[in-house]
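Keep the selection tool at hand as you read.

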Amino acid sequence: MEKRRYKSGSLKRKERQEKKNRSQPIATSAHIPIVSTSDKELDIISDINSEAHDVIEPTQEKKCTTGIFQYPSRDNLKQFFAEHPFQPVSDLPFDARLYERNTMNDSVPRNWLTYNKENKCLYCSYCLAFECPKSDSSSFVHGFSDYRRISQNLAVHESTTTHVRNVHQYISVVNNGTLDNFFASSLIQKKEKVLKQRSIVMRIIDIIKMLGKQAVSFRSHRNESAYTLDDEASNHGNFLASVQLMAKYDTIIAAHISAVQKKSYQRMKRLKHQGKAGNKGRGGLITYLSKTTVNRLIHIMKTMIQERINHEVFEAKYYSIQVDSTQDNTIIDQFSIIIRYVHKSIVYERLLSIVPCNDGTGQGLFNLLTEKLQHLNIDPKNCISDSTDGAASYYGEYNGLQSKLADMADQHVHIWCYAHVLNLVVTETTKCCVSAVSFFNLLQNLATFINGSYKRMFVWIGVVEKQLGQENMKRLKLIGETRWSGKSNAATTIFGHFNDPTASTFVNLLTCLSMIQDSDKFDAKTKHEATYLLQSLQKFETILTAFTYLYIFETTAPLSSYLQTNCLDMFTAWSLVDTATTKLIEQKRTFHNVHSKAFEFKQRCLLKEEKNEKEKKKRMADEVTNDEGNSSDPLADFRITVFNLIMDRIVQSLQSRFIHHKQLYKDLSWLDPANFKIIAEKGLDDIALDGVVKFFPLINRGNVKLELVSFASNFDILKLLLQISESEDDSSSYYTTNDNLYELYKIVSTLSVTRVQCERTFSKLKIVKNRLRNTLSAENLDNFMFLSIEKQMLDDLDAEEIINRYAQASKGLNRLLIYS
């Protein structure tokens with residue numbers, strides 16, 4: 001028995017293509033344009049012979065891959081679109097109702113559709129007239145005969161840019177560029193549909209911006225199917241919940257969700273009938289609500305932000321970087337890159353990227369940094385400065401990141417982060433003697449003791465509410481190793497400020513410990529700890545040590561706060577460091593100020609407690625008093641062994657750690673307007689600005705000195721001009737781009753003095769990649785970080801441009817979101 005031979009799919013497709021090629025259409029009377037003719041159209045209609053394509057006179061030429069195709073002239077178009085007898089419906093191999101498209105229950109004729117009864121194919125009249133005969137742009141040019149999928153393909157062809165372009169071409173040629181009602185209705189409906197789709201995506205973009213700025217999660221791990229959106233009791237995630245909330249007040253979103261729910265439910269029902277109910281995905285349904293759409297839009301926003309940063313850096317030319325790394329909650333080392341530049345006389349510090357780092361060596365960090373800069377088309381050679389902490393991989397003289405950058409760029413300055421340096425100074429000062437270590441351990445133990453039990457915390461809250469009021473509630477601060485202000489916050493919470501100790505909680509703490517000590521609700525161990533802490537806190541040595549550090553924190557705390565500000569001004573930073581050092585030098589031997597403040601504090605807080613203690617205190621026969629110790633004067637002993645040691649250590653530490661690039665800082669001080677009066681009166685020294693020339697040899701020292709003297713002499717007049725000219729957006733207009741002084745100010749403003757912006761990035765990292773979002777990929781993490789950090793740039797993004805870029809992702813989106 002002879003076996004039946006089945007043809008392969010590719011062979012069948014080949015035969016169908018050959019059949020189409022053999023039946024290449026010509027304009028004959030067999031083509032039946034289904035048109036609703038008006039009087040104007042009847043005027044341009046005439047008969048056409050069987051060789052219509054051969055007699056078309058060329059008026060325009062259009063190049064295509066198959067050669068030169070000639071557009072028909074206006075007169076020949078009248079012949080080409082001539083009216084012919086209507087083909088009887090009974091002779092058609094398909095439902096004649098396909099000639100009418102039902103849109104919103106209104107019957108709209110498909111005037112472009114024509115049928116050739118000889119080869120039984122459908123054609124598009126407009127595409128036949130204006131498209132190259134050998135073009136593969138549409139099957140309706142060569143003849144469409146797959147009637148099983150006819151409805152879908154007709155709708156697709158109507159929305160293609162090829163069809164819309166050819167309709168526009170017909171209108172332009174036949175009607176001299178004017179739209180008549182017949183053709184206008186089709187195009188207007190197309191534009192209205194696109195406008196509606198774009199308005200939906202516009203609202204989705206606004207929701208994404210809002211959630212991105214708040215750094216909250218977008219998705220839920222379940223209940224994200226569109227057919228479940230009508231269930232308000234389920235958790236759909238923040239994004240879909242926001243869409244549902246907007247739908248209550250926005251008819252466009254409400255109608256979109258209703259349509260999406262219906263289609264999604266039908267799809268789910270069909271899959272269930274086919275036994276594929278467990279399959280995920282939306283199929284061919286475009287909802288704009290899927291995680292794919294959200295992630296794509298977020299990536300587009302991040303890319304646009306990076307492009308703007310790249311453009312601004314290109315205009316600024318010079319830039320500096322701040323880098324640091326930290327481990328996230330999945331023990332992945334995240335490398336943060338912050339770029340600082342001056343654009344239109346404004347200093348910016350922007351997030352450039354946050355990427356995983358697998359190589360923590362200086363060379364590995366350098367490769368990662370340069371790769372990211374080159375990926376964003378930023379020239380690494382224009383990096384004039386970097387700011388890092390003191391880690392060996394950054395600070396190393398030979399193999400550190402800063403040495404690699406210095407070898408790459410001709411003019412490069414490495415600056416050890418001022419904020420980190422000051423934190424090291426304070427850390428050294430708080431560990432320089434036994435009394436200092438004991439004091440801060442006491443503060444830590446007090447906070448741990450109170451915060452470690454809800455029963456003890458209840459006692460603390462009751463005492464504070466009774467004595468200070470609920471509005472003045474304070475909690476004891478733990479001393480964190482990574483929080484630079486932790487020690488000063490812990491000390492000021494209990495003892496107040498040096499010049500204003502009235503806001504302290506010292507008395508409240510004594511009352512709380514006494515209540516715990518005497519209460520029967522606590523066990524013996526807790527009572528013992530409370531007694532020990534109470535006795536330690538009541539010692540005058542503790543109060544003296546506290547006010548010694550309050551004396552120091554009065555100077556260092558404002559400096560530390562300023563060194564953590566955005567876009568730090570280098571002149572002010574160095575001036576504050578110098579002022580703080582000078583002030584502490586003057587305070588080195590002023591122990592009497594500290595003693596008087598401490599004694600006054602003791603008299604106010606402990607007078608009653610001391611009297612009670614003396615009445616109850618019993619002394620053993622061999623016990624000695626404090627005055628009978630090793631020193632005849634305990635106060636003098638404290639001044640020498642504690643106060644002087646602490647003050648000497650902090651001054652020495654400040655002077656030694658801030659000595660780097662001292663000549664550069666000294667030269668830059670001449671650029672401070674505070675010194676302009678001296679320059680105007682006495683001029684500049686011969687060695688002035690030598691440090692600047694050393695680090696920036698492109699700057700002409702002679703010209704800079706002359707321009708600086710002139711600028712300083714006329715500074716008061718220029719300030720008045722700047723105040724009058726408020727409409728001037730860019731102060732650089734007072735100087736040409738070749739002005740050495742302006743370039744010098746621009747370079748100085750570009751230098752990064754701290755890298756605290758990296759620390760802010762890490763704080764945001766803990767929020768974005770939290771315990772519930774620890775599976776974020778590196779790319780998605782970078783995207784979400786940009787949305788939550790660069791909020792202003794996110795708000796400034798053009799939503800229309802976002803939609804245009806999103807529409808390029810697929811042909812379906814392009815058809816829905818692009819007008820032509």
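Here is a tour in a few stops, starting with the whole chain and then going to single places.

**The whole chain**

Before selecting anything, note that this is a predicted model. Show the cartoon and you will see a protein chain with 36 helices and 12 strands. Of its 820 residues, 47% count as buried. The chain exposes about 44100 Å², and carbon and sulfur atoms supply 50% of that. Among contacts between residues at least 6 apart in sequence, 70% join residues at least 24 apart.

**A hairpin**

Now select residues 113-116, which are strand 6, together with strand 7. The two strands run antiparallel and are joined by four bridges. They form a hairpin with four residues between them. Click on Lys120 in the turn: its phi is positive, about 55 degrees. Next, find Thr114, which stands opposite Tyr123 in strand 7. Which way do the residues of strand 7 (121-124) point? Cys121 and Tyr123 point one way, Leu122 and Cys124 point the other way, and all are buried.

Move on to a sheet of five strands, in the order 10-9-8-11-12. The sheet is open and its pairing is mixed. At its edges are strand 10 (346-356) and strand 12 (413-416), each pairing on one side only. Neighbouring strands here are turned by 20 degrees against each other on average, direction ignored.

Zoom in on strand 8 (residues 319-327) and strand 9 (residues 333-343), which run antiparallel and are joined by eight bridges. Within this pair, Ser325 stands opposite Phe335 in strand 9.

**A loop residue**

Select Asn382, in the loop between helix 13 (362-375) and strand 11 (383-388). Is Asn382 buried or exposed? Its relative accessibility is 19%, so Asn382 counts as buried, since the cut-off for buried is under 20%. Leaving out residues up to four places away in sequence, Asn382 touches Lys317, Tyr318 and Tyr319.

**Two crossing helices**

For the last stop, select helix 17 (residues 434-451) and helix 18 (residues 454-467). Their axes come within 6 Å and cross at roughly 105 degrees, so the two helices are roughly perpendicular to each other. Show side chains where Phe449, Ile450 and Asn451 in helix 17 meet Arg456, Met457 and Trp460 in helix 18. By class, this contact has four nonpolar, one polar and one charged residues.

Note on methods. Residues numbered from 1 in each chain as written. Predicted model: local features only at pLDDT ≥ 70, side-chain atom pairs only at ≥ 80, totals over all residues. Heavy atoms only, no water. Buried < 20%, exposed > 50% of the residue type's maximum accessible area, 1.4 Å probe, protein only. Contact = heavy atoms within 4.5 Å. Areas by Shrake-Rupley, 256 points an atom, 1.4 Å probe, with all protein chains shown as cover. Axes fitted to C-alpha atoms, helices over the stretch in contact; angles between N-to-C directions. Parallel < 35°, antiparallel > 145°, perpendicular 65-115°, else oblique. Nonpolar A, V, L, I, M, F, W, Y, C, P; charged D, E, K, R; others polar. Pairing = 2+ DSSP bridges.
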